[in-house]
Amino acid sequence: MSDHFSSRLAGLRVVICAGSGGVGKTTVAATIALGLAARGQKVAVVTIDPARRLAEALGLAELGNRPQQVAPERFAETGLSLEGELWAMMLDVKRTFDELVELLAPDASTAGQLLGNRVYRQLSSAVAGSQEYTAMAKLFELDHEASYDVIVLDTPPSRSAVDFLTAPQRLDAFLGGRALRLFLRPSGAVFRMAGLVLGALKRIIGARMLDDLTSFFTLLSGLLDGLRERAGDVHGLLRRPTTGFVVVTSPSELPIEEAAYLSAQLDQMGLHRRALVVNRIHPVDPAGLDAGAVAERLEPALGATLARRVARGHAALQVLASREANAVGRLMASIPDAKPVLLLDRSADVHDLTALAALYSELFG
Ligand SMILES: Nc1ncnc2c1ncn2[C@@H]1O[C@H](COP(=O)(O)OP(=O)(O)OP(=O)(O)O)[C@@H](O)[C@H]1O
Ligand SMILES: [Mg+2]
């Protein structure tokens, strides 16, 4: 099923794994990175909030905000030898934002004031979209450095997978938007209005907070052009033919709908959809036996009671498996060229290198 998976990724310099929350984006991103490294490339994977045990398995115990090489000897027990190199990092939103401010500020004192500003400190980590934006900024930085053959980017656990794609435009719209411009350059009637509004705000949120807010916007104005240019560059990077998207979904109803929507959205935005992974499927039993027949077969080995219990479990799994198969069928009908790659649900979470290596064999064949 999967010998074409590596050919789908051929020639890519950036691989972005996107999909709804909890479907396995981080796991698939790590598996793809491992697979490409096993096949000889120097790969950096940028993970976002990986499960603690997966982070440990990748040697990401400390937050460095830079890729670190996963020591080749760690793979010894997996039976896998890497021809290339695997580098991995966990995205640190706050640090990535701070680094961006340092890079784009006109001078060190502006950077220092902004980094110390209370509004900035809240915004840089708490605002919706900051994970998306910093993931893009990190991708841009690593791509620009050109130290890796391939960068694999995990995406944040957003409610809607499409949020991720529109983050740069939303930032751009915000930075270029009327509201911000009025705030930064109030004039005439607007200025008088702004005065009234500011007076009211002062009473509501307090003078100190308002001062912080005003100086935040003033300081930010020095970075606006740089930030907007960056957002534009990121957009260009996403559109390159060597940047490919892997849409990840589970076989359940809602994520499948979301995957179909995301795929259509990628096409519409002129972005390159390279593969579709349906993760955690339960296989349909090809024998198609009913519970009675299963119990009958198992009875000599297990005894009547246990055989019936196992048969009931088997039947329930078959109901689930056929529901999943129908959902995948609908997905294929709505995106005819999708040719999804299916990954089985494993009995345990994918939290160590051995499990990742097994998933790699399944995905890459
Ligand atoms: N094929 C699989 N079999 C068994 N467990 C899996 C499989 N794929 C992923 N998992 C487990 O499912 C959980 C969710 O996976 P993962 O963290 O990769 O999802 P995610 O899409 O990145 O989630 P989020 O949207 O929260 O970032 C993890 O505990 C992971 O180990
Ligand atoms: Mg994740």
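Two strands pair if DSSP finds at least two bridges between them. Strands (E, at least two residues) and helices (H or I, at least four) are DSSP runs, numbered from the N terminus. This is a predicted model, in which local features need pLDDT of at least 70 and side-chain atom pairs count only at pLDDT 80 or more, while totals for chains, interfaces and linings use all residues. Residues are numbered from 1 along each chain as its sequence is written, chains are lettered from A and ligands numbered from 1 in the order in which they are written, and side-chain values use heavy atoms, with hydrogens and water left out.

**The sheet**

Select I16, which stands opposite L153 in strand 5. Strand 1 (residues 14–18) and strand 5 (residues 150–153) pair in the parallel sense over three bridges.

Now show the whole open sheet: its eight strands have the order 3-4-2-5-1-6-7-8, with mixed pairing. Strand 3 (68–69) and strand 8 (341–344) each have a single partner strand, so one side of each is left without a neighbour in the sheet.

**Helices on the sheet**

Select helix 2, which lies across strands including strand 2 (42–47), strand 4 (85–90) and strand 6 (243–249). Helix 2 runs at about 170 degrees to strand 2. Axes are lines fitted to C-alpha atoms, for helices over the stretch in contact, and angles run from 0 to 180 degrees between N-to-C directions. Next take helix 13 (residues 253–268), which packs on the sheet and touches strand 1, strand 6 and strand 7. Contact means heavy atoms within 4.5 Å.

**Ligand 1**

Centre on ligand 1. Of the 17 residues around ligand 1, G22, K25, T26, T27 and R346 come nearest; a residue is near if one of its heavy atoms lies within 4 Å.

Which element gives the most to the shell around ligand 1? Helix 2 does, with three residues.

For polar contacts (pairs of N or O atoms within 3.5 Å), select T26: a polar side-chain atom lies 2.8 Å from an oxygen atom of ligand 1. For R280, a polar side-chain atom lies 2.9 Å from a ligand 1 oxygen atom.

Conventions. Polar contact = N/O pair within 3.5 Å; in protein donor to acceptor, adjacent residues only side chain to side chain.
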